[in-house]
Amino acid sequence: TITPASVSFGNQAVGSTSAASTVTLANTGTGSLDVTALTAATAPFARVGGTCANTLPISIAAGANCTLTYAFAPTAAVASSQTLTVTANAPGSGTIALSGTGVAGALTITPASVSFGNQAVGSTSAASTVT
């Protein structure tokens, strides 16, 4: 079993990396199984750890599990998604769906200009606020 089958990283600031999210691969059967194929995450997603082996096959004993940990590091303000395929030599092969949106701030300056008018030398004008 794959739990959860989907991970949403939500909104993530462009140029930063999300907190890691963990997916568990569990063998609920009575015999050992091997994960024989696992699609690798590509940018802006990355596998950043977990207890599952880094090489295939990933062997999981009966009643045991291992984890895959992923992060999201967007480089553009766009929505991203990826589906990773998990193939095992037993029933229960499936997918892991990763999604997230890169977001960037927008700077607005108001007002665009400030005029202090005529001001006597040596005096101080009234304050003006720029937001």
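These legends walk through several close-up views of one predicted model. Local features are given where pLDDT is at least 70 and side-chain atom pairs where pLDDT is 80 or more, whereas totals for chains, interfaces and linings use all residues. Residues are numbered from 1 along each chain as its sequence is written, and side-chain values use heavy atoms, with hydrogens and water left out.

**View 1. A mixed, five-stranded open sheet.** Follow the strands in the order β2-β9-β8-β4-β6. Strands here are DSSP runs of E with at least two residues, numbered from the N terminus, and two of them pair if DSSP finds at least two bridges between them. At the edges stand β2 (6-13) and β6 (58-60); each has a single partner strand, so one side of each is left without a neighbour in the sheet. From one strand to the next the twist averages 25°, taken between lines fitted to C-alpha atoms, with angles from 0 to 180 degrees between N-to-C directions. Zoom in on β4 (residues 33-38) and β6, and you will find an antiparallel pair joined by three bridges. Val35 has Ile58 of β6 as its bridge partner.

**View 2. An antiparallel open sheet of four strands.** The order here is β1-β3-β7-β5. Both β1 (2-3) and β5 are edge strands, pairing on one side only. Strands β1 and β3 run antiparallel and are joined by two bridges; look for Ile2, whose bridge partner in β3 is Leu25.

**View 3. The one disulfide of the structure.** Cys52 and Cys66 are joined with an S to S distance of 2.0 Å; a disulfide is counted when two cysteine sulfur atoms lie within 2.5 Å. The torsion about this S-S bond is about 85°, so the disulfide is right-handed. It links distant parts of the chain, 14 residues apart: Cys52 sits in the loop between β5 (45-49) and β6, and Cys66 in strand β7 (residues 65-72). Cys52 is buried, at 4% relative accessible area, and Cys66 is buried too, at 7%. Buried means under 20% relative accessible area, with exposed over 50% and partly exposed in between (1.4 Å probe, protein chains only).

**View 4. The largest pocket, with a volume of about 190 Å³.** Of its 16 lining residues, Thr1, Ala26, Leu33, Pro91 and Gly92 are the closest to the centre. Strands β3 (21-26), β4 and β8 (79-88) each give two or more residues to the lining. By class, the lining has 10 nonpolar, six polar and no charged residues, with Gly counted among the polar ones. On a 1 Å grid over the protein atoms alone, a pocket is an open set of points for a 1.4 Å probe, with protein on both sides within 12 Å along at least five of seven lines; lining residues have an atom within 4 Å of a point. The volume is the space filled by probe spheres set on the points.

**View 5. Prolines in the loops.** Most peptide bonds are trans. The bond from Thr3 to Pro4 is cis, with omega near -15°, and Pro4 lies in the loop between β1 and β2. Leu56 and Pro57 are also joined by a cis peptide bond, with omega about -5°; Pro57 is in the loop between β5 and β6. Pro44 belongs to the loop between β4 and β5 and is buried, with a relative accessible area of 19%. Between Pro44 and Gly94 there are 22 Å in space, C-alpha to C-alpha, and they are 50 residues apart in sequence.
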